[in-house]
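I am opening a notebook on this structure. The entries record what I looked up, in the order I looked.

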Amino acid sequence: MPIERFRLAGQGAGGQDLPFAKAVKAGGFLYVSGQTAMVNGELIDGGIVAQTRQVFENIRAILTDAGYGFEDVVKVNVWLDDPRDFWSFNGVFREYFQDFPPARSTVSSPMVIDAKIEIDVVAYQDPAA
C-alpha cells in the first residue's frame with residue numbers, strides 16, 4: 001500500500017507555513033501530527049479546558065478528512081505545559097474517549113508560547129476489512 005500524506009499542516013503563528021503533513025497514512029495506520037489549540041494560524045485564548053477541546057476538534061477534523069474517527073484511535077501522546085492541569089485535561093479527554101479508551105502517554109513539557117497542551121494520535125483501520 002502506498003503512503004498517503006494529508007496536506008501540509010497549514011500555518012503556524014505569524015502565518016508561517018508549517019513544513020509537515022497534518023497526517024500520514026501507512027497501511028491501516030494514520031499518524032496525526034501534534035496539534036495545539038490553533039485556529040487559522042492563531043492560538044485560541046482560554047485555559048486548559050478550552051485549549052484541550054480545540055485540540056480534539058482539530059484532531060477530529062483531520063481524522064474525518066482521512067476517513068477515521070475517535071473510535072479508531074489506538075494511541076494518544078499528550079504534552080502538558082503545566083502538570084497541575086492534568087485532572088482538568090483528563091475530564092475533557094474522557095468526553096472524547098469514554099466508550100473506546102486508547103493507550104495513552106502524558107508528560108509535562110514546556111510548550112510553544114501560550115500553548116497549554118499538544119496532542120498527537122495514532123489511529124488504525126484494518127485495510128483488509
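**Overall layout.** I counted two helices and eight strands in the protein. Helices (H or I, at least four residues) and strands (E, at least two) are DSSP runs, numbered from the N terminus. Along the sequence I read the pattern β-β-β-β-β-α-β-α-β-β.

**Ground rules.** The model is predicted, with local features needing pLDDT of at least 70 and side-chain atom pairs pLDDT 80 or more, while totals for chains, interfaces and linings use all residues. Residues are numbered from 1 along each chain as its sequence is written, and side-chain values use heavy atoms, without hydrogens and water.

Buried means under 20% relative accessible area, exposed over 50%, and partly exposed in between (1.4 Å probe, protein chains only). Of the contacts with a separation of 6 or more, 67% are between residues 24 or more positions apart; contact means heavy atoms within 4.5 Å.

**The helix pair.** I noted an angle of about 30 degrees between helix 1 (residues 48–65) and helix 2 (residues 86–97), with the axes 9 Å apart. That angle is why helix 1 is roughly parallel to helix 2; the term covers angles under 35 degrees. Axes are lines fitted to C-alpha atoms, for helices over the stretch in contact, and angles run from 0 to 180 degrees between N-to-C directions. Residues making the contact include Val-49, Phe-56 and Arg-60 of helix 1 and Phe-89, Val-92 and Tyr-96 of helix 2.

**The core.** Which residues touch the most other members of the largest nonpolar core? I found Leu-30, Phe-56, Leu-63, Phe-89 and Ile-119, out of 27 residues. A nonpolar core is a set of buried Ala, Val, Leu, Ile, Met, Phe, Trp, Tyr and Cys residues joined through side-chain atoms within 4.5 Å. Helix 1 gives the largest share of this core, six residues.

I then followed Phe-56. Beyond its neighbours within four places in sequence, Phe-56 is in contact with Phe-70, Phe-89, Val-92, Phe-93, Tyr-96, Phe-97 and Ile-119.

**Positive phi.** Most residues other than glycine have a negative phi. I found Asn-40 with a positive phi near 55 degrees, in the loop between strand 4 (38–39) and strand 5 (42–43). Asn-40 counts as exposed because its relative accessibility is 77%. Asp-114 also has a positive phi, of about 70 degrees, although it is not a glycine. Asp-114 sits in the loop between strand 7 (103–108) and strand 8, and counts as exposed at 61% relative accessibility.

Notes. Angles under 35 degrees count as roughly parallel, over 145 as roughly antiparallel, 65 to 115 as roughly perpendicular and the rest as oblique.
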